[in-house]
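User: Please take me through the labels used for this structure. I want each one set against its cut-off.

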Amino acid sequence: MKTINVALLAGGFTGEYEVSINSAKNIAANLDSDKYKVYTILINRDGWVHETGKESIPVDKNDFSITLNSEKITFDFAFITVHGTPGEDGKLQGYLDLIGIPYNTCDATTSAITMNKAYTKAIVHGIHGLNTARSIQLHQKDRHDTATIASSLKFPLFIKPNNGGSSVGMSKVYNIGGLQEAIDKAFHEDPQVLIEEFIKGREFSIGIAKLNGKITVLPATEILTTKDFFDYEAKYTTGVTNEVTPADLPAEKNREIAEIVTQVYLRLNCRGMVRVDFILLEDTQEFYFIEINTTPGQSANSLIPQQVRAAGMKVQDFYGQIIEGTR
């Protein structure tokens with residue numbers, strides 16, 4: 001059996017760089033070495049390189065190859081684990097499409113759309129059982145009147161970069177006094193900002209993947225944090241958040257959630273593995289969509305690996321099925 005050369009793309013241009021590196025390490029450790037020869041490619045603004053431990057080998061972007069020990073190595077598959085731009089917003093996907101290299105994520109169009117939280121909410125609107133928080137989208141080039149925003153939405157409010165990830169640049173404000181500072185913080189990360197009303201309830205995250213040709217919904221994870229909300233610190237600081245996988249939910253509620261997120265996956269034309277974050281409203285247990293992640297974190301303790309193990313699967317087999325299903 002021919003060994004498949006896999007380019008494991010990690011890094012990126014955002015504050016999620018280190019998260020991506022940790023994801024890549026776990027993926028590399030869980031790809032079957034009998035089937036896959038893995039070459040980690042670090043993506044940064046200065047260039048794309050493969051680190052051997054002794055030297056940095058530049059990537060030839062003309063044909064997506066490297067030359068190692070005088071041997072030219074080309075790739076059969078790209079495993080993208082770049083969180084944020086350029087790996088989650090369609091840029092790498094477009095490049096790989098142009099040179100004919102298959103990859104593990106959604107296509108360029110879906111990746112670009114789902115990176116934009118406001119656009120995604122507009123597309124999934126109307127799915128039976130799915131609700132979204134009332135919101136306002138701001139553009140940095142336009143003028144912003146905090147008084148108008150405060151009169152249009154009900155506090156508390158979440159202010160977040162519209163195209164960001166890992167809750168970088170995100171704030172929760174309780175009155176108009178903190179609104180401008182939060183908007184400025186979000187605009188520091190992205191030229192578009194989304195302001196949403198706070199939805200009070202239990203917070204969850206759930207993975208969906210196409211495995212062996214079938215859309216498979218993984219067990220949900222409940223997010224329990226000592227922080228006011230699930231921000232970057234809560235996500236990546238040990239002891240701040242307790243993640244319960246599988247979540248304590250009735251069987252009927254699990255079935256309802258699985259149907260909703262399956263419809264989200266289909267409507268957005270997703271491929272590979274994605275993760276949907278949502279809230280169950282405190283009083284009515286209605287489903288409120290937060291966002292979809294098309295390049296979810298893959299470190300050893302990330303939510304998708306947790307959910308794969310909770311489903312009784314081996315992470316190695318899961319990644320193998322992702323590769324085989326998108327080649």
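Analyst: Helix packing, ring pairs, charges over rings and backbone features follow in that order. The model is predicted, so local features need pLDDT of at least 70 and side-chain atom pairs count only at pLDDT 80 or more, while totals for chains, interfaces and linings use all residues. Residues are numbered from 1 along each chain as its sequence is written, and side-chain values use heavy atoms, with hydrogens and water left out.

User: What makes α9 roughly perpendicular to α10?

Analyst: Helix α9 (residues 303–310) and helix α10 (residues 315–326) pack at an angle of about 110°, with axes 9 Å apart. Axes are lines fitted to C-alpha atoms, for helices over the stretch in contact, and angles run from 0 to 180 degrees between N-to-C directions. Under 35 degrees counts as roughly parallel, over 145 as roughly antiparallel, 65 to 115 as roughly perpendicular, and the rest as oblique. Therefore α9 is roughly perpendicular to α10.

User: Which residues make the contact of α9 with α10?

Analyst: From α9 come Ile304, Pro305, Val308 and Arg309; from α10 come Val315, Phe318 and Tyr319. Contact means heavy atoms within 4.5 Å. The residues divide into 6 nonpolar, no polar and 1 charged. Here Ala, Val, Leu, Ile, Met, Phe, Trp, Tyr, Cys and Pro count as nonpolar, Asp, Glu, Lys and Arg as charged, and the others, Gly among them, as polar.

User: How many aromatic pairs are there, and by what rule do rings pair?

Analyst: The count is 10 aromatic pairs. Rings of Phe, Tyr and Trp (its six-membered ring) pair if their centres lie within 6.5 Å; planes under 30 degrees apart count as stacked, over 60 as edge-to-face, and the rest as tilted.

User: What makes the pair of Phe64 and Phe75 tilted?

Analyst: The centres are 5.1 Å apart and the planes stand at 55°. That angle falls under neither the stacked nor the edge-to-face rule, so the pair is tilted. Phe64 sits in the loop between β4 (56–58) and β5 (65–68), and Phe75 in the loop between β6 (71–74) and β7 (77–80), 11 residues apart. Ring pairs also link Tyr39, Trp48, Phe64, Phe75 and Tyr95 into a cluster.

User: Why do Phe64 and Phe75 count as buried?

Analyst: Buried means under 20% relative accessible area, exposed over 50%, and partly exposed in between (1.4 Å probe, protein chains only). Phe64 has 1% relative accessibility, so Phe64 is buried. Phe75 has 5%, so Phe75 is buried too.

User: Why is the pair of Phe204 and Phe278 called stacked?

Analyst: The planes lie at 15° and the centres 5.4 Å apart, so the pair is stacked. Phe204 lies in strand β13 (residues 201–211) and Phe278 in strand β17 (residues 273–281), so the pair ties together parts 74 residues apart in sequence. Phe204 and Phe278 are both buried.

User: How do you know that Lys172 lies over the face of Phe198?

Analyst: Lys172 is 3.9 Å from the ring centre of Phe198. The rule asks for NZ of Lys or CZ of Arg within 6 Å of the ring centre and within 35 degrees of the ring normal. The charged end of Arg271 likewise sits over the ring of Tyr103, 4.8 Å from its centre.

User: Where are the cis peptide bonds that involve Pro156 and Pro246?

Analyst: One joins Phe155 and Pro156, with omega about 0°. Pro156 is in the loop between α5 (146–152) and β10 (157–161). Another runs from Thr245 to Pro246, with omega near 0°.

User: Why is Asn69 called exposed?

Analyst: Its relative accessible area is 71%, so Asn69 counts as exposed. Phi of Asn69 is near 55°, a positive value in a residue other than glycine. Ser70, with 78%, is exposed as well.

How values were computed:
Helices (H or I, at least four residues) and strands (E, at least two) are DSSP runs, numbered from the N terminus.
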